[in-house]
Amino acid sequence: MTSPSQQTAQNAPQQTVKNAPQKIAFLGLGSMGLPMARRLLDAGHPLTVWNRTAAKADALVADGAVRAATPAEAVRDADVVVTMLADPAAALAVADELIPALRPGVHWIDTSTVGPETVADLAARIPDGVTLIDAPVMGSVDRAAAGELLILAGGDTAPVAAVLDPLGTVTPCGGPGTGAALKLVLINAAIGGVAVVAEALALAGSLGLPRELALRTLGAGPLAGAVARATATGAHFPVALAAKDVALATATAKLPVLEAVHAALTEDPALLGEDLGAIAR
């Protein structure tokens, strides 16, 4: 019969393993992915990173992250895989490389905005024993850096709570694909709101009203959130990506207002790399 102290000693290694930080592979170090990966590294997780432009990982590697040469190399020993990629084409291309290297028991969190159709495609391709959670986020680079993202999760996030906690607040949406679906609803409402503010300011200008007067009074009403986003500093959500998100929505349902918004977003190629707020300038 063992004493209580002996039982504690026997259980100690198991407790250490249980509480050990999860090994994370983070793929996609763009404007959003880089600060998200930084949050995970600073939280103490062993982090392996991959990005198509390898130099974007330099600062993370200097602070202890491991650089992988390929997506497959990045995920080979990971407990959790996080992807933050620009669009469905990028997500599917990277998936082609990483899926064969996923181990049973791995949790894959896709934080990209790709829509439920692409999530379903990815889920159909993963091997047995791998869990895919669609967890796109709301918030720009400033909120990503502060760990204040709204994470819209489709699937069970309990096993990856320690990974998501440093990134923001999780909103459970339901089963797989529901996070991706809600993201399209929320982001298109936000983009549409900024487009309405831009039109209202154009109207104010044509009527000879001062811009600041129009902004101040619009901001005092139901469009306050849209005005704040249209005039935000420290945010970077390129017009090109906003147009991609609108296109994902209009491919799903008949949305004539958002079709007009898409046309407005894409009419000036010079703005495609600018933050969404540029359309209201």
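1. UniProt, in an unreviewed entry, places the feature "domain: 6-phosphogluconate dehydrogenase NADP-binding" at residues 23-167. UniProt positions follow the numbering used here, feature names are shortened, and annotations may be inferred rather than shown by experiment. Over residues 23-167 the chain is 36% helix and 21% strand, with the end C-alpha atoms 16 Å apart. Helices (H or I, at least four residues) and strands (E, at least two) are DSSP runs numbered from the N terminus.

2. The model is predicted: local features need pLDDT of at least 70 and side-chain atom pairs count only at pLDDT 80 or more, whereas totals for chains, interfaces and linings use all residues. Residues are numbered from 1 along each chain as its sequence is written, and side-chain values use heavy atoms, leaving out hydrogens and water.

3. The protein chain as a whole has 13 helices and 9 strands, and its C-alpha trace spans about 90 × 35 × 35 Å along the principal axes. Of its 281 residues, 43% are buried; buried means under 20% relative accessible area, exposed over 50%, and partly exposed in between (1.4 Å probe, protein chains only). Among contacts (heavy atoms within 4.5 Å) with a separation of 6 or more, 61% join residues 24 or more positions apart.

4. The annotation "active site", from an unreviewed UniProt entry, covers Lys183, a residue of helix α9 (residues 178-206). Lys183 counts as buried because its relative accessibility is 5%. Its side chain reaches the backbone oxygen of Val137 at 2.7 Å. Beyond its neighbours within four places in sequence, Lys183 is in contact with Thr113, Pro136, Val137, Met138 and Leu152.

5. Ser112 lies in the loop between β5 (107-110) and α6 (115-125) and is buried, with a relative accessible area of 2%. A polar contact of 2.8 Å joins the side chains of Ser112 and Asp110; such a contact is a pair of N or O atoms within 3.5 Å where, within protein, one must be able to donate a hydrogen and the other to accept it, and residues adjacent in sequence count only if both atoms are side-chain atoms. A polar atom of the Ser112 side chain also lies 2.8 Å from the backbone nitrogen of Leu85. Not counting residues up to four places away in sequence, Ser112 touches Thr83, Met84, Leu85 and Pro136.

6. In helix α2 (residues 33-42), the buried residues are Gly33, Pro35, Met36, Ala37, Leu40 and Leu41. These pack against several elements, including β1 (24-27), β2 (47-50) and β8 (149-154). Gly44, which follows α2, has a positive phi near 100°.

7. The side chains of Asp42 and Arg38 meet in a salt bridge (3.6 Å, N to O). A salt bridge is a side-chain nitrogen of Lys or Arg within 4 Å of a carboxyl oxygen of Asp or Glu, and the count by this rule comes to 10. Asp42 and Arg38 are separated by about one helical turn because they are 4 residues apart in helix α2. Asp42 is exposed, at 57% relative accessible area, whereas Arg38 is partly exposed, at 24%.

8. A further salt bridge joins the side chains of Asp79 and Arg103 (3.6 Å, N to O). This pair links distant parts of the chain, 24 residues apart: Asp79 in the loop between α4 (71-75) and β4 (80-83), and Arg103 in the loop between α5 (88-98) and β5. Asp79 is partly exposed at 28% relative accessibility, and Arg103 is partly exposed at 30%.
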